[in-house]
Amino acid sequence: MTDTTAVPAPDTVADALATPDKEQPYGALGLKDDEYAKIKEILGRRPTSGELAMYSVMWSEHCSYKSSKIYLRQFGKKVNDKMRERLLVGMGENAGVIDVGEGWAVTFKVESHNHPSYIEPFQGAATGVGGIIRDIISMGARPVAVMDQLRFGDIDDPDTARVVHGVVSGISSYANCLGLPNLGGETVFDGVYQANPLVNALGVGVLRHEDLHLANASGTGNKVVLFGARTGGDGIGGASILASDSFAEGGPTKRPAVQVGDPFAEKVLIECCLELFKGELVEGIQDLGAAGISCATSELASNGDGGMFIELDSVLLRDPSLTAEEILMSESQERMMAVVAPEKLDAFLEVTKKWDVETSVLGEVTDTGRLVINWRGEEIVNVDPRTVAIDGPVYERPVAYPSWIDALQADSAAKLPRAASDDELRAQLLAVAASPNQASAEWVTNQYDKYVLGNTALSFPDGAGMIRVDEESGLGVAIATDANGRYCQLDPYAGAQLALAEAYRNVATSGAVPTAVTDCLNFGSPENPEVMWQFSRAVEGLSDACLSLEVPVTGGNVSLYNQTGDTPIHPTPVVGVLGIIDDVARRVPSGWQDEGEHLYLLGTTREELDGSAWAGTVHDHLGGLPPVADLDAERRLAELLHAASQGGLLSAAQDLSDGGLAQALAEATLRFGVGARVWIDEIMERDGVDATTALFSESQGRVLVAVPHEEDVKFRGLCEGRGYPVLRIGVTDGTGETAALEVQDRFSIPLAELGDAHRGTLPARFGAVIGDEA
């Protein structure tokens with residue numbers, strides 16, 4: 001029995017009717033005056049404190065998307081028949097699901113856990129991984145992989161190490177304990193994220209078509225069951241207070257709002273859920289993440305065909321002193337809620353007992369159309385669940401063209417001095433390769449298990465991660481995530497399209513066919529009209545680009561209020577693209593392994609240095625307009641790469657993005673320690689650019705490929721037949737101590753020197769790389 005002696009008496013529906021003028025702390029819960037008035041209008045009375053708690057979390061920016069909803073609708077409107085072909089579940093469910101063939105489906109989604117990861121980096125990041133994995137479980141899938149997209153402050157700021165160590169340890173600890181490979185992601189350092197790191201976590205799951213489950217509470221008399229970890233006081237107000245507000249100036253605060261994770265409990269929960277699904281013991285299921293029981297009950301009821309009755313006393317507690325409001329708002333981790341037919345309840349309980357998962361029957365589905373919650377025999381919640389979970393406020397926030405953007409765009413990198421000598425070119429290549437955002441991320445990625453489960457086909461440092469779905473046929477999927485906040489600061493419409501284009505291209509370089517999209521849209525305060533302009537333009541750009549490339553958005557996340565004081569982060573829409581490959585044996589790595597292969601540059605190089613890694617690293621400059629996003633070229637390039645990989649014509653493919661050709665050459669040579677001799681004069685002559693531009697331009701639609709000598713004629717014929725620009729620019733050459741990256745007639749860099757520069761940046765700030773000898 002729960003000890004209730006220290007718990008204050010509940011605020012009941014009867015109390016609410018009897019005391020209509022009672023003052024309530026709605027402002028402290030994140031509700032505005034007009035929102036509180038709307039709640040009273042909906043209920044025809046003041047809310048009880050339990051109802052107030054529910055509305056506050058479910059109407060929060062984090063849960064309701066009240067400022068972004070009007071723009072997100074574009075993703076559902078800008079679709080065609082081809083985009084629907086493989087879409088089994090789209091936006092609105094816990095995660096999108098794509099038909100990948102052979103009776104298999106893959107579910108994937110990316111979400112943010114930004115603010116908690118600044119307050120308490122380890123638990124903030126760890127529970128971000130846990131939360132996205134429960135979304136994957138709730139679709140009926142077995143989780144098979146994770147990825148992470150990380151953005152930290154200035155690499156030399158004293159506080160950055162605190163956040164970096166905590167976040168990376170949290171991700172590695174949770175995912176490694178779950179036994180899930182980490183396939184890839186991003187690590188970016190920029191002072192604009194100093195007090196607002198971005199920790200976006202992506203989860204991937206695999207299921208058979210017939211195993212798909214959705215979150216709804218249908219069937220009058222079906223039981224509502226809570227199972228998993230006990231409910232405690234951690235995470236209370238996380239969605240409404242922590243994730244839906246910006247940080248004030250000063251240091252980390254709000255620690256109680258950060259959840260605490262237990263990966264071992266989640267691992268057991270995964271296996272328990274999969275056995276429940278296999279036994280067909282669940283009618284509907286919902287994970288408990290943001291907003292906890294408030295979210296699970298209201299969303300399940302809203303998506304069903306009736307109502308729901310809950311006895312809150314039946315919730316198993318870690319802390320018996322919790323009030324009803326705290327139980328409703330708690331975001332304690334590793335919990336799931338299921339709807340179970342009465343005749344299957346005993347079998348359900350047998351499975352949870354087998355896995356030693358604590359379980360409590362909270363109530364049942366009703367035909368009232370109301371969500372009713374009792375506590376201590378008193379009615380403390382009586383609402384239409386749709387008003388909580390679906391029909392929340394929708395804002396058309398003021399939008400204003402930024403006062404500063406014209407001057408920023410006029411400040412082009414074109415005026416910046418170019419390298420005056422070959423020695424200076426050499427030094428700049430090394431500087432870019434060693435810059436924090438282009439340097440090796442091994443310090444981070446070596447802390448992750450990349451190969452557990454035995455189905456990883458590609459991982460760090462390849463441009464896309466790849467996982468085998470079916471061991472017999474070799475069917476697999478590739479996933480890449482990308483974003484460029486610098487581009488988006490210059491032009492959010494183009495920047496969002498460029499994020500999609502890069503992820504799409506990275507998937508294509510692996511040999512897979514880009515098929516679907518998930519996104520995590522990280523922006524500043526929606527109460528800033530200039531931020532809302534950035535958001536509106538980014539969503540418009542991304543939705544237009546998805547339609548152009550015919551890849552549907554299956555779901556994702558919006559994270560707003562990423563700012564400290566009045567300073568927002570750069571708009572950072574993270575875009576994840578999933579692609580299908582019929583046999584992972586045909587995968588294409590990002591670096592070459594043999595000498596004597598021909599190197600080709602696909603695509604055209606233009607003078608596009610604005611927002612580039614070269615401009616930022618060499619000149620500490622951000623201004624101008626980002627590269628042009630030629631989506632038709634990206635589609636044709638992807639089709640060409642797929643045809644070439646299917647024909648076995650490629651031994652390596654490296655996309656050109658941040659750092660341009662110079663960075664692509666550095667990464668591709670270092671991948672397996674095989675050098676290259678390249679020439680750039682023909683690029684300069686054909687495309688009318690100087691040497692600096694040839695090496696560092698970030699023009700899109702470009703890929704560096706290695707072609708075995710015996711496949712040279714076929715590859716050239718393929719490119720000519722498809723009309724895609726192609727230029728032979730070098731040959732792979734040199735291994736061991738003599739291996740070098742040589743730019744013919746200009747300079748040569750031994751791979752040992754290049755590797756030291758590329759790999760030394762993060763260890764110099766954060767300590768030795770795991771696996772390196774002391």
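**Notebook: helices, loops and a buried glycine**

I began with glycine 476, which sits in strand S16 (residues 476–482). Helices here are DSSP runs of H or I with at least four residues, strands are runs of E with at least two, and both are numbered from the N terminus. The model is a predicted one, where local features need pLDDT of at least 70 and side-chain atom pairs count only at pLDDT 80 or more, while totals for chains, interfaces and linings use all residues. Residues are numbered from 1 along each chain as its sequence is written, and side-chain values use heavy atoms, with hydrogens and water left out.

**Entry 1: glycine 476**

I looked up its accessibility: glycine 476 counts as buried, at 0% relative accessibility. Buried means under 20% relative accessible area, exposed means over 50%, and partly exposed lies in between (1.4 Å probe, protein chains only). I then listed its contacts, meaning heavy atoms within 4.5 Å. Setting aside neighbours within four places in sequence, glycine 476 touches Ile467, Arg468, Val469, Gly579, Ile580, Ile581 and Val584. I also checked histidine 621, which is 145 residues from glycine 476 in sequence and 41 Å from it in space, C-alpha to C-alpha.

**Entry 2: H20 against H21**

Two packed helices are described by the angle between their axes and the distance between the axes. For helix H20 (residues 492–509) and H21, I found an angle of about 40° and axes 7 Å apart. The axes are lines fitted to C-alpha atoms, for helices over the stretch in contact, and angles run from 0 to 180 degrees between N-to-C directions. H20 and H21 are therefore oblique to each other. (Under 35 degrees is roughly parallel, over 145 roughly antiparallel, 65 to 115 roughly perpendicular, and the rest oblique.) H20 passes H21 in a right-handed crossing, meaning that the near helix is turned clockwise from the far one by less than a right angle. On the H20 side the residues that meet H21 include Tyr493, Leu500 and Tyr504, and on the H21 side Trp533, Arg537 and Ala545 are among them.

**Entry 3: H21 against H23**

I followed H21 (residues 529–549) to helix H23 (residues 631–646): their axes come within 10 Å and cross at roughly 40°. That makes H21 oblique to H23. This crossing is right-handed too. Here Ala545, Ser548 and Leu549 of H21 meet Leu631, Glu634 and Arg635 of H23.

**Entry 4: the two sides of H27**

Which residues of helix H27 (residues 712–722) are buried? I noted Asp712, Phe715, Leu718 and Cys719. They cover an arc of only 130° around the axis, so they lie on the same side of H27; the arc is that of the directions from the helix axis to the C-beta atoms. The buried residues pack against strand S22 (598–602), H23, strand S25 (703–707) and strand S26 (726–732). On the other side of H27, Val713, Lys714, Glu720 and Gly721 are exposed. Just after H27, glycine 723 has a positive phi of about 70°.

Most residues other than glycine have a negative phi, and most peptide bonds are trans. I found glutamate 280 with a positive phi near 55°, in the loop between helix H11 (263–278) and strand S8 (284–287). Glutamate 280 is exposed, at 56% relative accessible area. Arginine 376 also has a positive phi, of about 55°, but counts as partly exposed at 30%. Lastly, the peptide bond from phenylalanine 460 to proline 461 is cis, with omega near -5°.
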